[in-house]
Amino acid sequence: MEKERQNKKPILEVHHVSIWFTRYDQGIRRSSLPVIRDLSLTVEPGEVVAVVGASGSGKSLLAHGILGILPYNSHMEGEILYGGEPLTKERAEKLRGNGLALIPQGVTYLDPLMKVGAQLTRGRKDEKTKERCRQVLEKYGLGPETADLYPFELSGGMARRVLIASAVMDEPRLIIADEPTPGLDARAAGRILGHFRELAETGAGMLFITHDLELALTIADRVVVFYAGETIEEARAEDFQDEGRLRHPFTRALFRAMPSHGFAPIRGSQPYPGTVSSGCPFAGQCEAGRKECGEADRIPVQRVRGGLVRCLYPEKEETV
Amino acid sequence: MTERHWNRRAGTLLFLVLAILVLAGITAAGIFLEEEAAVTDFSRTNLAPGAEFWFGTDWMGRDMFARTIAGLSLSIRIGLLTAAVSAAAALVLGTMAATLGRRADSAISWCIDLVMGIPHILLVMLISIACGRGFAGVVAGVSLSHWPSLARVIRGEVLQLKNAPYILVEEKLGVSKLQVACRHMLPHLFPQFLTGLILLFPHAILHEASVTFLGFGLSSEQPAIGVILSESMQYLTTGRWWLALFPGLSLVLVVVLFALLGERARYLLDPASAHE
Amino acid sequence: MTLEARDVTFYYRGKKKSPVLDHFSLYINSGERVGLKAPSGRGKTTLCRLLAGYERPVKGEILLDGKPLGAYRGACPVQMVWQHPETVVDPLLRLGTTLSEAGDVEERLREALHIEEGWMDRFPSELSGGELQRFCLARALHPGVRFLLCDEISAMLDLVTQAQIWQFLLEETKRRSLGLLVVSHDDSLLDQVCTRIVELPFPSWRIF
């Protein structure tokens with residue numbers, strides 16, 4: 001299994017991407033705020049990669065950056081490859097729907113004036129598409145009569161399933177899910193995540209963006225941890241079974257803060273992305289922090305025990 | 001990272017300042033030129049536009065340039081007055097509709113629909129005639145017919161603000177109603193109100209001119225653009241094209257300038273474009 | 001002290017046939033931390049809004065020590081903390097102004113919540129979600145508060161901030177013997193912080 005995965009070419013490669021916001025402070029002075037800094041990740045076929053970060057840490061912008069729908073006052077640097085080729089804004093537009101699909105946060109992304117069926121088929125009326133539409137609906141436990149409903153007639157859970165159905169309609173190779181389960185109770189969220197896992201089993205790559213580490217761990221193969229706009233660790237989901245296998249002090253703090261693992265907080269708070277200009281953004285909260293951490297110009301990413309970590313002094317392995 | 005280079009906001013601000021200077025200049029110049037605009041001199045009647053009289057002269061030898069500027073100035077002043085009255089009415093009525101309960105809301109909303117349902121020009125004419133035409137008639141007519149659209153906007157805005165979580169929380173924390181209104185509601189209302197107010201000017205000016213042109217507005221001894229245009233109509237066929245062309249054109253320019261002003265102000269104040 | 005919902009029925013205008021709450025009763029004593037559990041869409045947030053006085057029940061009463069909530073003047077002794085802190089602070093005001101309006105916050109609270117002096121000159125859009133939520137907690141915990149209603153207050157935050165906030169709240173409620181209503185979809189969180197867990201009933205109109 002592990003070997004097979006290594007042979008596959010990644011569908012999505014993100015290399016050193018930074019996203020900046022431009023805004024006016026006072027009067028006509030304009031400044032740029034880096035919301036995402038130096039982000040790299042890859043998604044392979046059949047793999048679920050979770051990006052976990054607190055709200056406001058810039059992770060939704062990542063999805064928007066990949067799809068080429070960033071807000072007007074932002075710009076992106078770095079490289080995004082889809083299937084080995086650069087993903088430009090035009091290419092993303094062409095791929096959207098077939099090849100590249102987004103499962104958005106809210107049910108407001110459905111067109112309120114269009115029946116579900118029409119939204120799924122996107123206007124195509126041939127028999128094949130209709131048949132596929134029925135199949136997809138059925139797969140998510142929605143009867144064929146759902147196609148004739150308007151979005152306001154759907155319950156919250158149904159609407160979310162329609163969003164998923166709409167995303168997988170054309171069998172995309174890459175699915176980006178941006179906080180697909182907020183406000184859902186554990187059972188409903190679990191069902192939706194089960195669908196995601198199934199999608200990955202059929203060979204699609206999945207980028208799962210969420211703030212909920214515990215939820216992400218239930219389906220992800222790899223987890224990328226965000227802190228103040230930077231990726232600080234990329235670890236396999238198994239690494240989270242044991243604190244000793246984690247590499248970054250913040251990831252360990254996350255582990256200890258889980259209600260089931262001691263519920264222990266650490267001091268301080270995650271800064272707003274871009275407000276820390278030099279050194280490690282975590283330096284203010286880090287217990288193992290040294291003088292260099294705050295002074296270093298750039299903290300490089302190192303490979304440690306098969307994962308990636310952005311720390312000058314990554315945690316040693318220990319058996320707990 | 002801060003840049004101090006030329007950017008879009010600086011450009012927009014420069015445009016706003018220039019536009020306001022031009023409009024203020026016209027208004028001031030018009031007041032000084034009012035006497036000159038009334039001077040008749042039968043030795044220079046019907047001159048085509050030239051170096052001495054840029055806009056030519058009319059059948060009584062009046063300098064058309066002076067008349068045009070004086071007319072524009074009067075239009076702008078009437079526009080300012082009526083737009084201010086309209087906007088004030090809109091603010092009061094819109095806020096009342098949103099805060100005084102369902103009955104007041106339906107009463108005021110009914111009035112809004114009623115006024116909006118009647119064609120503006122007709123309403124302006126009727127009110128103007130009822131008020132005895134002239135300056136008072138025009139001001140009453142224009143200001144009583146232009147408030148509904150802005151009132152509706154303000155009503156919606158206040159309704160939304162009233163239920164905004166941060167307003168609810170402030171009230172729950174014991175902050176007085178007055179303080180909530182002044183500190184939290186007005187600043188949010190202001191951008192909408194300001195752009196609405198500026199965009200009222202072009203409407204007000206055009207309606208004043210049309211009503212005057214039709215003979216239901218300002219009296220003919222006043223140097224209004226509407227008066228100039230309607231008088232010039234009878235000379236158009238005799239080849240004196242300048243009598244109507246320049247005053248008409250400058251009226252259009254002033255209106256466009258006001259519209260652009262509102263457009264740009266909105267561009268600066270609207271968060272969806274403020275940081276471009 | 002006791003905060004009580006007595007036989008409360010509530011529906012939104014025009015939805016009489018599908019009430020969110022149907023003859024529902026609940027009490028919270030001072031010093032108690034009551035967890036509220038229910039699937040999404042069952043009216044947990046609505047119950048919080050009712051208890052905090054943002055909505056009025058159609059039938060039944062909300063009582064604080066036997067007196068209706070509306071009888072208390074000034075800052076309300078029942079405060080709600082919202083899921084999305086960025087919606088409950090005026091986006092156009094600096095945080096210092098917002099905080100001073102609600103009365104000054106004790107130095108002790110500021111320290112316990114790690115609220116930095118530098119935040120006061122900033123606008124809400126310049127703070128992270130965790131920072132803002134702690135700010136909102138400090139504001140809600142004014143000296144007169146007796147009951148705190150926490151509506152998924154840590155659902156959007158990272159685990160470290162969640163643990164921070166809850167450790168602080170546990171200490172603070174013990175110290176001031178506050179009553180707490182905790183709404184969360186996370187069962188392990190409820191088990192950690194609550195003294196008692198209540199489930200919202202399945203509304204009767206849905207059974208047919």
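## A salt bridge in chain A

A:Arg310 and A:Asp38 form a salt bridge, with their closest N and O atoms 3.3 Å apart. The term salt bridge stands for a side-chain nitrogen of Lys or Arg within 4 Å of a carboxyl oxygen of Asp or Glu. Because A:Arg310 lies in strand β12 (residues 307–310) of chain A and A:Asp38 in strand β2 (residues 30–43) of chain A, the pair ties together parts that are 272 residues apart in sequence. Helices (H or I, at least four residues) and strands (E, at least two) are DSSP runs, numbered from the N terminus.

Over all chains, the rule counts 34 salt bridges. Side chains of opposite charge can pair when their charged atoms come close.

## How to read this model

This is a predicted model, in which local features need pLDDT of at least 70 and side-chain atom pairs count only at pLDDT 80 or more, while totals for chains, interfaces and linings use all residues. Residues are numbered from 1 along each chain as its sequence is written, chains are lettered from A and ligands numbered from 1 in the order in which they are written, and side-chain values use heavy atoms, with hydrogens and water left out.

## Where chain A meets chain C

Let's look at two chains together. The contact (heavy atoms within 4.5 Å) takes 30 residues from chain A and 31 residues from chain C. Chain A and chain C bury about 2500 Å² between them, with 55% of it on carbon and sulfur atoms. Buried area here is the accessible area (1.4 Å probe) that two parts lose on being put together, summed over both. A:Pro259, A:Phe263 and A:Tyr272 supply 25% of the area that chain A buries against chain C, more than any other three residues.

Across this interface of chain A and chain C the rule finds zero salt bridges, but four residue pairs are in polar contact, both at pLDDT 80 or more. A polar contact is a pair of N or O atoms within 3.5 Å; within protein, one must be able to donate a hydrogen and the other to accept it, and residues adjacent in sequence count only if both atoms are side-chain atoms. On the side of chain A that touches chain C, α8 (213–219) and α9 (249–257) of chain A are the elements that give two or more residues. The largest share, four residues, comes from α9(A).

## The largest cavity

How much space lies in the largest cavity? The volume is about 150 Å³. Its lining has 17 residues, and A:Asp212, C:Ser154, C:Ala155, C:Gln162 and C:Asp186 lie nearest its centre. α8 of chain A together with α5 (159–176) of chain C are the elements that give two or more residues to this lining. α5(C) gives the most, with three residues.

On a 1 Å grid over the protein atoms alone, a cavity is a set of points where a 1.4 Å probe fits but cannot get out, and lining residues have an atom within 4 Å of a point. Grid points are joined across faces, edges and corners, and a volume is the space filled by probe spheres set on the points.

## A look at chain B

Chain B has 10 helices and one strand. The C-alpha trace of chain B spans about 80 × 55 × 25 Å along its principal axes.

How values were computed
On a 1 Å grid over the protein atoms alone, a cavity is a set of points where a 1.4 Å probe fits but cannot get out, and a pocket is an open set with protein on both sides within 12 Å along at least five of seven lines; lining residues have an atom within 4 Å of a point.
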